[in-house]
Amino acid sequence: QVQIVQSGGGSVQPGGSLRLSCAASGFGSNYYAIGWFRQVPGKEREGVACINSRGENTYYADSVKGRFTIGADNAKSTLYLQMNNLKPEDTADYYCAASTSRWWVIGAQDMCVSVTPQYWGQGTPVTVSA
């Protein structure tokens, strides 16, 4: 069973940085993709940054390109989201989420844009304000 536990987040002033982490386990030998999603009440959920299990590709939403970096420490089964130059519009609840497949590779863009993730972390709030 896939388990995802998040850490990090908090409050920061505009222009500041935060780092989110999630410990993910239970994928076994399946293909998987994992990423970060954010949700603001009253708005659609947005796939912010995703990566596939082969590490072949990453995907970033246009709203965060050049500011956010997704990374994985496979030895620690940990996914990171480094968020730099944060803006007030980045304020949201952030979730680490993953999907698995036994038979085919899930692309990073598909994960962020098309796929409804199967497994979710508990969420963590990020607030950017002066």
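**Reading pockets and buried threonines**

Mentor: In this predicted model, the largest pocket has a lining of 14 residues, and those nearest its centre are Tyr32, Ile34, Ala72, Asn74 and Ser77.

Trainee: What volume does the largest pocket have, and which strands each supply at least two residues of its lining?

Mentor: Its volume is about 210 Å³. At least two lining residues come from each of β4 (31-39), β5 (46-52), β7 (68-73) and β8.

Trainee: How do the residues of that lining divide by class?

Mentor: The lining of the largest pocket comprises 7 nonpolar, 6 polar and 1 charged residues.

Trainee: Which residues line the second largest pocket?

Mentor: The lining consists of Phe37, Arg45, Glu46, Gly47, Tyr59, Ala61, Cys112, Val113, Ser114, Val115 and Thr116. By class, 6 are nonpolar, 3 polar and 2 charged.

Trainee: Why does threonine 78 count as buried?

Mentor: A residue is called buried when its relative accessible area is under 20%. Threonine 78 counts as buried because its relative accessibility is 15%. Threonine 78 belongs to strand β8 (residues 78-83). Beyond four places in sequence, threonine 78 touches Ser21, Cys22, Ala23, Gly71, Ala72 and Asp73. Its C-alpha atom is 8.6 Å from that of serine 25, 53 residues apart along the chain.

Trainee: Is threonine 100 buried or exposed, and where is it found?

Mentor: Threonine 100 is buried, at 17% relative accessible area, and is found in strand β9 (residues 92-101). Aside from neighbours within four places in sequence, its contacts include Val2, Phe27, Tyr32 and Ile106.

Technical notes
Residues numbered from 1 in each chain as written. Predicted model: local features only at pLDDT ≥ 70, side-chain atom pairs only at ≥ 80, totals over all residues. Heavy atoms only, no water. Helix = DSSP H or I, 4+ residues; strand = E, 2+ residues; numbered from the N terminus. Buried < 20%, exposed > 50% of the residue type's maximum accessible area, 1.4 Å probe, protein only. Contact = heavy atoms within 4.5 Å. 1 Å grid on protein atoms, 1.4 Å probe; cavity = no way out; pocket = protein on both sides within 12 Å on 5 of 7 lines; lining within 4 Å. Points joined across faces, edges and corners; volume = space filled by probe spheres on them. Nonpolar A, V, L, I, M, F, W, Y, C, P; charged D, E, K, R; others polar.
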